[in-house]
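Please keep the structure open while reading.

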Amino acid sequence: MEKQMHKYKFKAEVKQLLDILTHSLYSSREIFLRELLSNASDALEKLRFESLKGTDIADKDLPEEITISFDKDKKILTVTDTGIGMTEKEIVKNIGTIAKSGTSEFLKKAVSEKGNAANIIGQFGVGFYSVFMVADEVVIKTRSFLPDAEPVQWHSDGVGSFEVETLDEKIPRGTSIEIHLKEDAVEFAEKWKLEDVVKKHSNFIPFPIKIENEQVNKIRAIWREPKFQLKEKDYEEFYKFLTYDQEGPLDTLHVSVDAPVQFNSIVFFPKKNYEMFGLGKNEHGLDLYVRRILIRHEFEDLLPEYLRFLRGVVDSEDIPLNVSRETLQENAIITKIRNNLVGQILSHLAKMAEKEKEKYNTFWQEFSERFKLGYTDYANQEKFAGLLRFNSSAVESEKDLVSLDDYIGRVKEEQKEIYYIFAQNRDAIENNPHMEIFRKKGLEVLYLYHPVDEFVMDALQKYKDYELKSAESIDASKLEKFENVEKAKKVKKLNKEDEKIFDKLLRRMKDILGDRVTEVKASQRLTDSPSCLVSPDGTMSSGMQKIMQLMNKDMSIPKKVMEVNPDHPLVRDLIRIYDADSKDELLTQVTEQLYESALLTEGYLRDPHVMVNRIEKLMEKSTRWYLEHNQLEK
Ligand code: ADP
Ligand code: MG
């Protein structure tokens, strides 16, 4: 057969990555071996899967294992596996491009944080290319498991290009990676060093790793060992192996369940959310083992989406070993395991929240945004709701958090509702006119800062016996039953006559605003502000409305009720002006301005020009009056 050689250029992104790897990450370069061993393990896992499915496999009797050999004089290190191998097409596609999302973010991070690169590289798993941290030349020989696949050789110096050719020599199924070590990396051709690195990073690889015919890794299934025999260190080592994290986990849950299904599981709560470092989506799922044999790495279906930042393993005796990828997805046993596990995880978090507040706060800080998506888990709604935390009017700073149970512990007699309000930040809430009545009555309001909070509240509707209510759409007359805690300011009530004029003024204001508001009425909720816009009771809160509008690309301004505070000095002046001349132009200007101010604070004002123009006119008038009033003009 004719030998054919093809030369390929590395993609730009690969070149960039190679450049960083070869030049800036000296201190953590031993992880190249972890990456190659993890690829070898993946390849063996894929092969096992094919074989369980009954696919025809080349060299069927080869043992499933990884071998590391070395030659110090020649400065060569070779890592060989008997895994799935690659065809020519596959090797060109898999090694030469980068498929992983988030790689360019990683590159930027790695470049800008050289000092911290070890941590980033650890989290990201830069894969095969990391071999060029120690190699100036790499030769891959591989043969696919497909019975009639031809052996292929890949060769590169890791600079600009690589060559691929079919091989004449017959090689066994799998892949061997021959690494020509750089002058300063010959230590990786020494037995003690290799053993050391394997033990440190790859001890839990579920296939034998052999150096000079000796198995180096332990292949410990610690999730099946009794808890009392395990030390913190054992868990930590396993966690680091699973996650490439340099730190240990925040917390560990180790369970052993017999009914309704048998399974053992270790679930780790990480300390940090690396998603926030721009390292792609934190979507993992647990590794699925069947009787100690790895079936699926990072199997999503074992956890619902809102818990997929957790790491760990599940091992079950009840799943048949020869289960296929497809049937695994709809397997009733998997569903049972998941349901049980979710219950245990939520209970564990509840215990953490109660007994280890600081730990829970760390968890909340890092993962709450993802965790809150649990509002869709109707089966566990009450448990989920109990774990939520919010900022609140009852605490001092934006950093303090309360739970719904904390809130319930403080409710007033006869209070059957939990109030919340949505805003950008705490300052915005404190200036929101809707808060005035709650302050006056001393009613606690939960502060919601994230769009997802709105969905959470909307989905929950209730917690224990309390209804969740948006402070913005509450009917203020229902709050009258609560006593005032703030001393009401001494404002003289309107007399009968002025009350009538006030009613007419409200009608005039409605005429001015027309269809833009559903109603203009006297307010019972305001103390410090002249007016506000209120969603009619029972409709969505303004935050939710905005989200829905964004989703529907709806640019209209929702119609609300305008409430006017009869005790505010500005409104008192308007009553006098109306009394003097019900058609006075100033009434129009002030009404328009009050309306647009409310739109502005709620984020609905699309075009500020008209408003700015009006304010300037009003200022012009008021400065004129000021001069005249104070007789300042010469
Ligand atoms: P990742 O492992 O995250 O996919 P890598 O850069 O480590 O990224 O590897 C790229 C791809 O090359 C793998 O996804 C796999 O398809 C292929 N590959 C690498 N090493 C091997 C191997 N030993 N056997 C078979 N395929 C391999
Ligand atoms: Mg890899």
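## Helix pairs

Helices α19 and α20 cross in a left-handed sense. A crossing counts as left-handed if the near helix is turned anticlockwise from the far one by less than a right angle, and as right-handed if clockwise. Helix α19 covers residues 585-601 and helix α20 covers residues 609-629; their axes come within 10 Å and cross at roughly 130°. That angle makes α19 oblique to α20. Angles under 35 degrees count as roughly parallel, over 145 as roughly antiparallel, 65 to 115 as roughly perpendicular and the rest as oblique. Axes are lines fitted to C-alpha atoms, for helices over the stretch in contact, and angles run from 0 to 180 degrees between N-to-C directions. Helices (H or I, at least four residues) and strands (E, at least two) are DSSP runs, numbered from the N terminus.

Helix α9 (residues 332-355) and helix α10 (residues 357-371) have axes that come within 7 Å and cross at roughly 135°. This makes α9 oblique to α10. Their crossing is left-handed. Helix α2 (residues 31-53) packs on helix α6 (residues 191-201) at about 65°, with the axes 9 Å apart. The two, α2 and α6, are therefore roughly perpendicular. Here α2 passes α6 in a right-handed crossing.

## Basis of the model

The model is predicted: local features need pLDDT of at least 70, side-chain atom pairs count only at pLDDT 80 or more, and totals for chains, interfaces and linings use all residues. Residues are numbered from 1 along each chain as its sequence is written, chains are lettered from A and ligands numbered from 1 in the order in which they are written, and side-chain values use heavy atoms, with hydrogens and water left out.

## Ligand 1

Ligand 1 is surrounded by 10 residues, and the closest are N39, D81, N94, G127 and F128. A residue is near if one of its heavy atoms lies within 4 Å. By class, the shell holds four nonpolar, four polar and two charged residues.

An N or O atom in the side chain of D81 is 2.9 Å from a nitrogen atom of ligand 1. A polar side-chain atom of N94 lies 3.0 Å from an oxygen atom of ligand 1. For T175, a side-chain N or O atom is 3.3 Å from a nitrogen atom of ligand 1. The protein covers 78% of the 530 Å² of accessible area (Shrake-Rupley, 1.4 Å probe) that ligand 1 has on its own.

## Backbone details

Most residues other than glycine have a negative phi, and most peptide bonds are trans. D59 has a positive phi, near 50°. D59 sits in the loop between α2 and β2 (66-71).

A259 and P260 are joined by a cis peptide bond, with omega about 5°. P260 is in the loop between β10 (251-257) and β11 (263-269).

Note on methods:
Polar contact = N/O pair within 3.5 Å; in protein donor to acceptor, adjacent residues only side chain to side chain. Nonpolar A, V, L, I, M, F, W, Y, C, P; charged D, E, K, R; others polar.
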